[in-house]
Amino acid sequence: MATTITNATLTVTLKESVILNGNDMGGTNTLTIANIDEVFKRIVTCPGDSETTLAHFHSSVADGTLSPLDIDDVKYIRVTNKDNSQSCVLSLQSDVGEDDTSADESASILLEAGKSFIMGVPNDGIGISDANANLVTDLVDLESIVIFTSTSDAVDVEVFIAST
């Protein structure tokens, strides 16, 4: 099958705007990623007191496991908490064995209302260790992104993933 999709360039602009004591202390940073030909974007209502998997990453998208995204093609990931008051926990599940089976370790961060988490490539993109809080430089694959809501209220989360 011949594709009709034309590759495009993703442009991401981060802008902080703050004036302190009359001085502009903000900044603007722009990132461009060429040859994007796939976008995975959705808003997910994550039920209260539960875990919701936003995305899976595998080396083969034909393995039948919950429609995984190709870990070698993903170049940009953004998760935004769209709620106006509820925080949630964003968990990055890593595949230490890099064997596409399941997550072996997890790192979690608080994603406050209205805030975003941004990550680049998931292939060899994360390192986790609880051994003496040492710096981890041996990175492994991101297996999945999971949201946990610790209250009974649901939280809307937007996920945007761009691939080449």
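**A histidine and its surroundings**

Modeller: The side chains of His56 and Glu143 make a polar contact at 3.2 Å (a pair of N or O atoms within 3.5 Å, where within protein one must be able to donate a hydrogen and the other to accept it, and residues adjacent in sequence count only if both atoms are side-chain atoms). This is a predicted model, in which local features need pLDDT of at least 70 and side-chain atom pairs count only at pLDDT 80 or more, whereas totals for chains, interfaces and linings use all residues. Residues are numbered from 1 along each chain as its sequence is written, and side-chain values use heavy atoms, with hydrogens and water left out.

His56 belongs to strand E6, residues 50-58 (strands are DSSP runs of at least two residues and helices, H or I, of at least four, numbered from the N terminus). His56 counts as buried because its relative accessibility is 12% (buried is under 20% relative accessible area, exposed over 50% and partly exposed in between, with a 1.4 Å probe and protein chains only).

Pro122 itself sits in the loop that joins strand E11 (116-119) to strand E12 (141-149). With a relative accessibility of 0%, Pro122 is therefore classed as buried. Ser94 is 28 residues from Pro122 in sequence, and their C-alpha atoms are 9.2 Å apart in space.

Thr80, in strand E8, pairs with Ser116 through their side chains at 2.6 Å. Because its relative accessibility is 8%, Thr80 counts as buried.

The search of the whole structure returns 1 aromatic pair (rings of Phe, Tyr and Trp, the last by its six-membered ring, with centres within 6.5 Å; planes under 30 degrees apart count as stacked, over 60 as edge-to-face and the rest as tilted). The partners are Tyr76 and Phe160, arranged edge-to-face with 6.1 Å from centre to centre and 70 degrees between the planes. This pair links distant parts of the chain, since Tyr76 lies in strand E8 (residues 74-81) and Phe160 in strand E13 (residues 155-163), 84 residues apart. Tyr76 and Phe160 are both buried.

Lys41 is placed in strand E5, residues 38-46. Its relative accessible area is 53%, so Lys41 is exposed. Between Lys41 and Val157 there are 116 residues in sequence but 11 Å in space, C-alpha to C-alpha.

Asn21 has a phi near 55 degrees, a positive value in a residue other than glycine. Asn21 occupies the loop between strand E2 (19-20) and strand E3 (23-24), and it is exposed because its relative accessible area is 80%. For Asn35, likewise other than glycine, phi is positive and near 65 degrees. Asn35 is part of strand E4, residues 27-36, and its relative accessibility of 46% means that it counts as partly exposed. Most residues other than glycine have a negative phi.

The chain as a whole gives the setting for these details. Its secondary structure comprises 0 helices and 13 strands. The C-alpha trace spans about 55 × 40 × 35 Å along its principal axes. The chain has 164 residues, of which 33% are buried. Of the contacts between residues at least 6 apart in sequence, 67% join residues at least 24 apart. Finally, the chain carries 7 positive and 26 negative charges, whose mean positions are 15 Å apart (Lys and Arg count as positive and Asp and Glu as negative, leaving out His and the chain ends, with the charge placed at NZ of Lys, CZ of Arg, CG of Asp or CD of Glu).

Notes: Contact = heavy atoms within 4.5 Å.
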